[in-house]
Amino acid sequence: MQHETDWERIYEWDSKYYLHVKQAADEYRYLPVSHTEGNYVHMANGMKLLDFCSQVIAANLGYKHPRVTAAIKEALDKVGYVQELFCTEYRSRAAKLIMEDLLGGDGWAGRVRFVTTGSEANEQAFAIAKNITGRPNIITREYAYHGSTSGAAGASRNRYYRATLASPGSAEIRDVPNFPGGGFHIVPAPYCYRCSLGHTYPSCKQADGTLACIKVSENLIRTIGAETVAAFVTEIFYGGSAINPPPEYIPQLRAMTRRHGILWIDDEVICGFGRCGKWFAYQLYEGVTPDIMTIGKGMNGCALPVGGIVISQDIARELDKYRYWSGSTFAGHPVVAASVAAAVEFMLEENIPAVVSQKGAYLHKKLKELEGEHKCVGLAQSVGLLGGFEVVKNKATKEPFVKDDRFATYTGDISQYPEMLISEKCVLNGVMVGSTVPNTVRVAPPFTITEQEIDFGVEVLNKVLSEIDAMCD
Ligand SMILES: Cc1ncc(COP(=O)(O)O)c(C=O)c1O
């Protein structure tokens, strides 16, 4: 039954009762959404916003994709909910599609399990890696984001993602005591634009061609003892904070982890399901396969909450001998599984990796034009439809706009951070971009974006960046 929405009431209840994240109560921003359609979010005030970042690089098929919506309705009518010990046609089909149609040719994947979020997928991956190897430590990298539950946040190395409270009125930041617990060790990010080891790519390579960041990572592993390290967790392209590694990085990392008998957890929560122009980003590298892959978001374009893990055949054989004592009320939910199956079937029919590569090439050209035209854009980069750019105060010296850059704690007044300024100004012009770390903006539209819509999004960015140019040296 249709009814008039009483937006005053909505405001009252939301502002009064909901526990809002990333803002103190007096910073509350009321952003009421009326509905969504295609690649657009319609606000209650009538404003229409082009989604240029797929919400949180998640709504990959635009909004309310008809195939996915129909599958949800069917599964809801037919089954609704049963717990994970029951098999449904939806879960079985979704598993087959991922294991055979997307991964079958690569020969490594043994089993898949569906959970509810990407964070939970990483929790599962860490637990399995520690169980299988009997080793306590996990290697993660600077600036990483792997989720916001305890273990996943432990692997996350942006301070403000790990901290639970940050004050708008002072420099106070609060990490939960002992959170996230021990066992996570941090190695350098492959962030060549600002190498934390002070190198310049490619002169960072050792005589045998090894990248300095791989060498330092291996040294840390040797220092704590390879026999204590269960896994090395990475994304391939930093989804949230826009870091693309040099081409040698992932193959060298994989070879190094194999040398030491360390499992590689490939977090494809953002990079997977076509986002980078392949079904999974590891497929961009010849001969590289993970031991555990975590997935989420793009599995169903976020029509419903979902995450998952894929384990290698070796790990699956090992787990097959045991009772995998893990339970989750929502794992393998039939309606969610139906949405995954429908989304993957659609993406297969459309050959989404090819679509993303073609649209991605167009977006890449446009982002590079912005880099060429604006003195505030230090570096623009993209792979497939995962793009972004870094805003600088001085292009020649690469002076960061916010000095603490990726180490910023998000206390005090953050309204002048470039990501905040740019995303606010873009919204006023009808475009939503992704805000991530202080000096970086993400551009990662849904796969359903048209060339005209890319042009419009870039036109708005062009206008907004001209205003930021005026703030540069
Ligand atoms: C790389 C990566 N891993 C894990 C997660 C966590 O996923 P979720 O938000 O579904 O828990 C995210 C979320 O943005 C992510 O970007």
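Just after helix α11, N351 adopts a positive phi of about 50 degrees. Helices (H or I, at least four residues) and strands (E, at least two) are DSSP runs, numbered from the N terminus. The model is a predicted one, in which local features need pLDDT of at least 70 and side-chain atom pairs count only at pLDDT 80 or more, while totals for chains, interfaces and linings use all residues. Residue numbers start from 1 along each chain as its sequence is written.

Helix α11 itself comprises 16 residues (334-349), and its end C-alpha atoms are 22 Å apart, in agreement with the 22 Å that should be spanned at 1.5 Å a residue; the expected span is 1.5 Å times one less than the number of residues. Because 12 of the 16 residues are buried, α11 is largely enclosed by the rest of the structure. A residue is buried if 20 or more other C-beta atoms, placed from the backbone, lie within 10 Å of its own, exposed if 12 or fewer do, and partly exposed in between. The buried residues of α11 include P334, V340 and M347. Their packing partners are α3 (66-78), α4 (89-102), β4 (109-115) and α12 (352-373), with contact taken as C-beta atoms, placed from the backbone, within 7 Å.

Strand β4 also belongs to an open sheet of 7 strands, ordered β4-β12-β11-β10-β9-β5-β8 with mixed pairing; two strands pair if DSSP finds at least two bridges between them. Since β4 and β8 (184-187) stand at the edges with a single partner strand each, one side of each is left without a neighbour in the sheet. Within the sheet, β11 (residues 292-295) and β12 (residues 307-312) are joined in the antiparallel sense over 4 bridges, and I292 has I311 of β12 as its bridge partner.

The loop between β11 and β12 contains C302, which has a positive phi of about 65 degrees although it is not a glycine. C302 is buried, with 22 other C-beta atoms within 10 Å. D405, likewise a residue other than glycine, has a positive phi near 50 degrees and is found in the loop between β15 (399-400) and α13 (418-428). With 16 C-beta neighbours inside 10 Å, D405 counts as partly exposed. In the loop between β8 and α8 (212-224) lies P202, and the peptide bond from Y201 to P202 is cis, with omega near 5 degrees.

Technical notes
Contact = placed C-beta atoms within 7 Å.
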